[in-house]
Number of protein chains: 4
Amino acid sequence: MKEQVQSADGKLGILLPGMGAVATTVIAGVAAVNKGIAQPIGALTQMGNIRLGKRTENRYPLIKEFVPLAELNNVAFGGWDVYEDNVYDAAMKAKVLEPSLLNAIRPELEAIVPMKAVFDKSFIKNLDGQNVKEAATKMELAKEVINDIENFKEANGCNRIVMVWCGSTEKYIETSAVHETLASFEAGLENNDPAISPSMIYAYAALKLGVPFANGAPNLTCDIPALIELAKETGTPIAGKDFKTGQTLMKTILAPGLHARALGVRGWFSTNILGNRDGLVLDDPDNFKTKEVSKLSVLEDILQPDINPELYGDLYHKVRINYYPPHGDNKESWDNIDIFGWLGYSMQIKINFLCRDSILAAPIVLDLALFMDLAKRAEMSGIQEWLSFYFKSPQTAPGLRPEHDIFKQLIKLQNTLRHMMGEDLITHLGLDYYQDLVEAL
Amino acid sequence: MKEQVQSADGKLGILLPGMGAVATTVIAGVAAVNKGIAQPIGALTQMGNIRLGKRTENRYPLIKEFVPLAELNNVAFGGWDVYEDNVYDAAMKAKVLEPSLLNAIRPELEAIVPMKAVFDKSFIKNLDGQNVKEAATKMELAKEVINDIENFKEANGCNRIVMVWCGSTEKYIETSAVHETLASFEAGLENNDPAISPSMIYAYAALKLGVPFANGAPNLTCDIPALIELAKETGTPIAGKDFKTGQTLMKTILAPGLHARALGVRGWFSTNILGNRDGLVLDDPDNFKTKEVSKLSVLEDILQPDINPELYGDLYHKVRINYYPPHGDNKESWDNIDIFGWLGYSMQIKINFLCRDSILAAPIVLDLALFMDLAKRAEMSGIQEWLSFYFKSPQTAPGLRPEHDIFKQLIKLQNTLRHMMGEDLITHLGLDYYQDLVEAL
Amino acid sequence: MKEQVQSADGKLGILLPGMGAVATTVIAGVAAVNKGIAQPIGALTQMGNIRLGKRTENRYPLIKEFVPLAELNNVAFGGWDVYEDNVYDAAMKAKVLEPSLLNAIRPELEAIVPMKAVFDKSFIKNLDGQNVKEAATKMELAKEVINDIENFKEANGCNRIVMVWCGSTEKYIETSAVHETLASFEAGLENNDPAISPSMIYAYAALKLGVPFANGAPNLTCDIPALIELAKETGTPIAGKDFKTGQTLMKTILAPGLHARALGVRGWFSTNILGNRDGLVLDDPDNFKTKEVSKLSVLEDILQPDINPELYGDLYHKVRINYYPPHGDNKESWDNIDIFGWLGYSMQIKINFLCRDSILAAPIVLDLALFMDLAKRAEMSGIQEWLSFYFKSPQTAPGLRPEHDIFKQLIKLQNTLRHMMGEDLITHLGLDYYQDLVEAL
Amino acid sequence: MKEQVQSADGKLGILLPGMGAVATTVIAGVAAVNKGIAQPIGALTQMGNIRLGKRTENRYPLIKEFVPLAELNNVAFGGWDVYEDNVYDAAMKAKVLEPSLLNAIRPELEAIVPMKAVFDKSFIKNLDGQNVKEAATKMELAKEVINDIENFKEANGCNRIVMVWCGSTEKYIETSAVHETLASFEAGLENNDPAISPSMIYAYAALKLGVPFANGAPNLTCDIPALIELAKETGTPIAGKDFKTGQTLMKTILAPGLHARALGVRGWFSTNILGNRDGLVLDDPDNFKTKEVSKLSVLEDILQPDINPELYGDLYHKVRINYYPPHGDNKESWDNIDIFGWLGYSMQIKINFLCRDSILAAPIVLDLALFMDLAKRAEMSGIQEWLSFYFKSPQTAPGLRPEHDIFKQLIKLQNTLRHMMGEDLITHLGLDYYQDLVEAL
């Protein structure tokens, strides 16, 4: 496969629908890294390494030296938002990064101004904003987005584009007829079908142009048959849904550990307090529903109650999010986990995570942008399950159970990279280190 | 390899040096399970399943139906202790299990009386006890243990024996000349070398007879060249050190998760409160030192500060254990973890684990006994690295870095079982689920 | 005042509307205490002492030896419930106390069978039950309760009765015209005014007979002008509302401490998980509203944002209750408190209380029963503010700010007892211990 | 008493032995407050109010408007330290306050340079420093301090001076013969008695000049008969020991609450992690011993196990401090409290306090300085028990049990102020609000 991966020469454009706390944090971060005043902690594409060969070979190159990725000083950022603040102003309002850091890169940030957004209040009740496209049909909106992308590409001298949805969570809807085929979807765009959400319009525009699209929110977006069909047609990678940060990240770390040891789980109560725009949007029950479905699915897959009914058959799982302005972007989660062990004796685990929402999400946006671009250059089209690692609710082939266990997701990601570059896959068997044993076999 | 594994017919004798809280909990538990009044939660050999083949095949047999293991109703327990209480009395004093449960299996427990122990106060200052062997030399003590094993085997009609050290933590010592070769070690036994600890005497006796030996405490025990040599000579499996329970279990679950995401770690403070005999022994600084070394090594390996100096180069790791009688066996751990993410912004994770020491350790003892017996029947001699999963400080081939990441340990264990039975190893690559993609490659 | 307090001779009847977890725990507890197999921990009337005189006098008698209280072996319990289970069966279902304890007092508990309850589903949606009175008007229901009380008194040979509401929280309502005067209230009873709740009917019946009434739930109940008027008319003590247990107890302990030190509070987030019947009832938003109002009022009074706007003017206070069946009656609360100190620097306090709902409430029921009886014998009629100590939302004279600070409430309670018995009030001035200082003044 | 309090006219000099994190935080804070860029949160003398008269009068003046205190813009700071950094440099190194704040008041801070300190390495092993007085005898050192005070007073135009010990904790010693009388103490100063610590030399110098002295560390310092005698002789107020901040503050808030409700306490485990100079000093067991004794005494007094043996007779109390550099001055405490209630059922409380050591201590230093000056002007000499509120281990009249309950301490402080100004003491009886009741009595 190795020879097939095209090089990362030329500039990569990264377009972000939704330029709030997360998007501005990633943009400001890349600017700061390029200036040498901060490090891109948390991004595998920048800081991560990968083991190759046997343990005794001691080969742990950086991932970015192993696979051909776009370099940070060769990317351009742009995007859309319902507010017209430039990235500097939006970042100051988001209060994620310190003013002293933002001021050091102020000109770069002020130069990035959001394009007018596709917005539909029926999908996000708690937001307002004036920087909004107006058009007669959803198809016209999609065409405007297509124009935006092409203009951005030319204006910034990019030879490749990727798009990562960083917008808020839309209200809960289920797949319906209009989402079933590309034809029905395009008809729906023409006649303003109410089941087509803004995020779908962005995804449609991207895929139409062969631009890889990753979805950071729990909305359906590109996880509908119509857009999977379009992705295949245009040979474009897609991935989603919902960035895996904070509490769910911890859950997909911890649950595999309990499962590994065959410890039972009777109840898992998770609550979150946060005070940013995301918290405000999720204060609306319709939007929270979308998030809740995404968050709840996680344990089911990891613990497999159908296969382990004595251990997980009675699991009571509850997830709550509370809007709490004093914390701003400093999301805090608290989990209580009721487990049981030998002979059924019960124990409890409490986890209190004082995290920062956008700080955890920003490197995911960057990794997804660079890996999606890699996938495109490797001619891997359609659903990129190997990027499940980054999502609360990974999109998979229809009928295929997603993997939520973050460690299986990591091995999947790493073995995909090894496979891409023609290296041996790693199985951790390691019996060959024990010479005498091997001879005995 | 499959045809080589001998069947598990005949009775297995499980001998436990140290019959305190852990040993009595495992013995009582097996009795209760055999009586149908409790379940062996936490034991992979009893409750765990293993995925075979592709995800879409949906093959998840129980491990005990996949590999030939001794059955619970065909094992006999015995052991040694410095106190002469039978298992029922010792379990009542340990206060791990409820009296109502113990009373339901009282006759079975009362029938098991500890043999006189090899004990040396210079290795465990805070314990006393009268049920102790007396002999002129350590070699004679070893021979008495050998006799004990043979007598037990005959008296209980066993055709195979395994030994699992469940005794307290001995004081800290390092490998010295007497431990270097089997010859120097046997000379040391004859002339009472003070660097030969009681646990080494048990291990020597077991290995001499070809009895697999696993070490549940952080003492050196069988992790010395002399006993590795003996294990090879007699074709006997060995494994160690220090059962991975409670706080360290959580640490080897969580640290891989942070490392997976390239999140930095600045500090990790771990404290434990517990009030059982283990807590009392560890209240002595010499014994705590042995434990501390075992507990501290864990992060170093998982986070690899040499390979990731920006992320883990300045990690400050501190571990404390506090004797706190009000909790008894209900160990409680508290961790504070100072992490940092994107651009160096700091976050904190607090974990409060209200666990039960012996409840977590008991299924490990059972699994080790059954898997060590399996290894013996599969003719796998010497160090069993595939059982790293159960240890805080896994014994490996000299010069080989141990794996502490519990998820790599689990894959190692599972792929070893698959390899043993001739099944495909699992790599989680999974590209073949995406038909069109595969065709493209 | 001392000579006015009548003796506690004769039997006291304690009647409890609502015989669920709390009521059965108090009844079983008193039975167990009388049998000498448990102690009435948490009840000031049984375990508490009171300092008298100067610190150097060392006079700390038990409260029950200082004021004349009914003795535990001279009380009789009864009550009403919508379920017809006797107290033994109800206690077994509530799962608060261990079966072994309940079995030791089974006959005493089985002998107590709830009378048919006044129930109105429009006030508690999530409950059902068949053991319910039927009558044409609310006035008739009240008369049936009056009959019940008189019959109970005679059947049990009591010479005094008190009533403590232990039922569930009714839905939120505000005081309206029908509650304004005794006349309008009695008219409302006759014509089935929907604003008259079941708990008001019990209170009316009690007060009509001169039976002291304390209200353990946050419902209005006796906190309406009509019933205050009736209490005065019949010379009857009343007190309420809402037993102060768990999280609110902690809040009224901690908030005074922060206020004492002039530390600012920016946010206070409180969440609760519990799985008992109370949790189920509060899962309905209408009923939770009643509870929420009661719980939120606490901080306002203690911190006095009007007087300390720089410290408490922006306080964001949020309270959540989550129904979580795995915990049963073992309520667990988690608080995050954002405080700030010197120069505005912020700090955080996290409190995790693993409590037991009914275990904390039971001694309050007992104390209230005995102290209300004492008040009656001391001829103290109307609102008993000195019992604020026991309530989340203390009932006070109209227009008088309640005290929520538990330490002021305790001093109020203790100084009331001292005053009643003719002892000096305590001010903690204590300058007289410093002889030379006193002379200097 | 009111007429006796002299006015606060003229400048007050505040001298601080030990100019590390705490002292620099208070000095910088007062400068910032005077500049109008920050608020003196946490200082009762600045932000606190006091209720006067009946609840219905609504009189809550600020304390500083009620009693005559020195004003912040009329104080001068000075002190001694073993390091010669000026206050700006020392504050930058302490990393308690943000550089931006310190830079705004840089000139004022740079102008304050510590005088050479009295230092004796035998009392603080883990510290070093060059800015140290050298003299042949301890008496000569005392005389140099006396000179320093007089020079400071004149140079800064002060008409009154107070001294507050802000230095590190000295190693543990007990009162011995040399501390018994002023005569023996002065002889000890002359012949360099090793039992006279540096802090005693400062206290002696202050008291000799009639300068009030408060002790913020747990060292004996002025809590010895010799210096009490001197304080009486020169009519000087003294107070101590050990600023009540962080974990102990929480403990004296919470323990009274548990005691109020007659809840039993079986165990209380407290651990602290901190990384400042204080943490380094307390890493030495000799110095920790002094702290431990101070911290352990607290519960004994509040819970009174002698009077409540069933509730507190078996209390196991353990306190640990761990040096943990990643946290710097951001001390973090974790408490586990094992309580029991009704019928002995057990519950647990966990408190995690993310505090800031110096931020909590700074306002205490200010309050003590201003209140000690007030005491002096009110002619209150000797031990000031009414300031117990600020201390972990309050100094009291010999033989008098100290009050640790922070709420009793607060009432003592407030009633002392009321008494000083001729206002009614407050008893919280409040029966008079209930007109009808009063008439009945």
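**Close-up views of a predicted model**

**View 1. Arginine over phenylalanine between chains.** The charged end of R261(A) sits over the ring of F389(B), 5.0 Å from its centre. R261(C) likewise lies over the face of F389(D), at 5.0 Å from the ring centre. A charge is taken to sit over a ring if NZ of Lys or CZ of Arg is within 6 Å of the ring centre and within 35 degrees of the ring normal. This is a predicted model, in which local features need pLDDT of at least 70 and side-chain atom pairs count only at pLDDT 80 or more, while totals for chains, interfaces and linings use all residues. Residues are numbered from 1 along each chain as its sequence is written, chains are lettered from A and ligands numbered from 1 in the order in which they are written, and side-chain values use heavy atoms, with hydrogens and water left out.

**View 2. An aromatic pair in chain C.** F185(C) and Y204(C) form a tilted pair, 5.8 Å centre to centre with 40° between the planes. Rings of Phe, Tyr and Trp (its six-membered ring) pair if their centres lie within 6.5 Å; planes under 30 degrees apart count as stacked, over 60 as edge-to-face and the rest as tilted. F185(C) belongs to helix α8 (residues 182-190) and Y204(C) to helix α9 (residues 198-208), so the pair links distant parts of the chain, 19 residues apart. Helices are DSSP runs (H or I, at least four residues), as are strands (E, at least two), numbered from the N terminus. F185(C) counts as buried because its relative accessibility is 0%, and Y204(C) counts as buried at 3%. Buried means under 20% relative accessible area, exposed over 50%, partly exposed in between (1.4 Å probe, protein chains only).

**View 3. An aromatic cluster with residues of chains A and C.** One cluster is formed by F269(A), Y316(A), Y324(A), W334(A), F269(C), Y316(C), Y324(C) and W334(C). Over all chains, the structure holds 36 aromatic pairs.

**View 4. The sheet of chain A.** Seven strands make an open sheet in the order β3-β2-β1-β4-β5-β6-β11, with parallel pairing. Its edge strands, β3 (115-116) and β11 (382-383), each pair on one side only. Two strands pair if DSSP finds at least two bridges between them. Three bridges join β4 (residues 158-165) to β5 (residues 213-215). In β5(A), A214(A) is the bridge partner of V164(A).
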